[in-house]
Amino acid sequence: MKKFGVVALIGRPNAGKSTLLNYLMKQKISIVSDKPQTTRNQIFGILTEGETQIVFVDLPGFHKPMYEMNKAMMQHVYDNLDSCDLILYLLDASVPLGGGETYLLEQLKPRAKDVIVALNKIDSIKKSRVLPLMEKLSTEGFESVLPVSALTGDNVDALMALIRERLPEGEFQYNEEDYTNISERFYVSEIIREKILQETRQEIPYCTFVDVRVLKEEENHVEIMADIAVERKSQKPILVGKQANMIKKIRKMAEKELTEYFEKPVELELFVVVKKNWRQKPQFLNRFNR
Ligand SMILES: Nc1nc2c(ncn2[C@@H]2O[C@H](COP(=O)(O)OP(=O)(O)OP(=O)(O)O)[C@@H](O)[C@H]2O)c(=O)[nH]1
Ligand SMILES: [Mg+2]
């Protein structure tokens, strides 16, 4: 008897959804950073093991949208909440329960029976904090609650067992060798964006957008040219840095990781361009399948 199901990863920004996706998939699919709102699209990790196929959908963190871009991000969340078979709700147990989290909990209550709650980051907290949280969630109607660490993998096996058990019966919807919905070009743009997120601060991580214009894989090397768009002229010198130090560092870091990914030397050229207020223009989003 085959099982197939779509599991949506829902949670506040920074809860560890992408970290967990990568852990479950045993490979990097989705970028991670210590800044909120890292993930902007819906990114599938398709896990086929024996008679079971699970589509984990990594999603943007649940937040109040201020720009058109953020509205599109939240639309992915709502679409998946409606259509998925199971909701894997990641709650960062290392920070106090805030207003945003409580709001999200309320949104999930009507589907509480389809929700598995993963109390994440237990590697960084005292055990005594977990029990009261579990009790609170259970009084709110969430029956399946598991403390985990997406970073160390602690208890993730138990989480997987629970997911498998709750998965509906059904035929596989993807080929067994498929493991994601994103294109190589999109992955490359995300790796570059990850380095920007790691290296820059204040508004720069949020106002940048990466567009890979050239991706040419030759026999012995890979040539990549990418634009990094910022929203205003004044942001350009910040991203470039003194004597171009910032952009050079971003390039080196991305080149290193992409060289490992392609298993051959990568030459990366980055161009910082201004695309005025692009976050208000939805056409810049959803380019991940080309
Ligand atoms: N200590 C600890 N840190 C974690 C754990 N899981 C994730 N993190 C860290 O939390 C931060 C956010 O992780 P992400 O996986 O990017 O979080 P996300 O939920 O995908 O965030 P958005 O894409 O912004 O919604 C990163 O610095 C991770 O290293 C965990 O189990 N323990
Ligand atoms: Mg993420």
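In this predicted model, strand β5 (residues 115-120) runs parallel to β6 and is joined to it by four bridges. Strands here are DSSP runs of E with at least two residues, helices are runs of H or I with at least four residues, and both are numbered from the N terminus. Two strands count as paired if DSSP finds at least two bridges between them. Within this pair, Val117 stands opposite Val145 in β6.

Both strands belong to an open sheet of six strands, ordered β2-β3-β1-β4-β5-β6, with mixed pairing. Its edges are formed by β2 (43-49) and β6 (144-147), each of which pairs on one side only. On average, neighbouring strands of this sheet are turned by 20° against each other, direction ignored. Axes are lines fitted to C-alpha atoms, for helices over the stretch in contact, and angles run from 0 to 180 degrees between N-to-C directions. Helix α2 (residues 68-83) lies across β1 (3-11), β3 (52-58) and β4 (86-92), at about 140° to β1. Contact between two residues requires that their C-beta atoms, placed from the backbone, lie within 7 Å.

A second open sheet has three strands in the order β7-β8-β9, again with mixed pairing. Because β7 (209-217) and β9 (266-274) stand at the edges with a single partner strand each, one side of each is left without a neighbour in the sheet. Neighbouring strands are turned by 15° against each other on average, direction ignored. Strands β7 and β8 form a hairpin with four residues between them. The pairs of this sheet are set out below.

| Strand pair | Bridges | Direction |
|---|---|---|
| β7 and β8 | eight bridges | antiparallel |
| β8 (residues 222-230) and β9 | nine bridges | parallel |

Individual partners can also be named. Val212 stands opposite Ala226 in β8, and Asp227 stands opposite Phe271 in β9. The bridge partner of Glu223 in β9 is Glu267. Two helices lie over this sheet: α6 (residues 184-199) lies across β7 and β8, running at about 130° to β7, while α9 (residues 245-262) lies across β7, β8 and β9, running at about 140° to β9.

The protein has nine helices and nine strands. It is divided into domain 1 (3-166) and domain 2 (184-284), with bounds that come from an automatic or database domain assignment. The C-alpha centres of the two domains lie 28 Å apart. Nine residues of domain 1 are in contact with 12 residues of domain 2. On the domain 1 side, these residues divide into four nonpolar, three polar and two charged. Here Ala, Val, Leu, Ile, Met, Phe, Trp, Tyr, Cys and Pro count as nonpolar, Asp, Glu, Lys and Arg as charged, and the others, Gly among them, as polar.

Ligand 1 is surrounded by 24 residues, the closest being Gly16, Ser18, Thr39, Gly61 and Leu151. A residue is near a molecule if its C-beta atom, placed from the backbone, lies within 6 Å of it. Helix α1 (residues 17-25) gives the most to this shell, with three residues. By class, the shell has seven nonpolar, 13 polar and four charged residues.

The C-alpha atoms of the protein fill a box of roughly 55 × 40 × 35 Å along the principal axes.

Residues are numbered from 1 along each chain as its sequence is written, while chains are lettered from A and ligands numbered from 1 in the order in which they are written. Because the model is predicted, local features need pLDDT of at least 70 and side-chain atom pairs count only at pLDDT 80 or more, whereas totals for chains, interfaces and linings use all residues.
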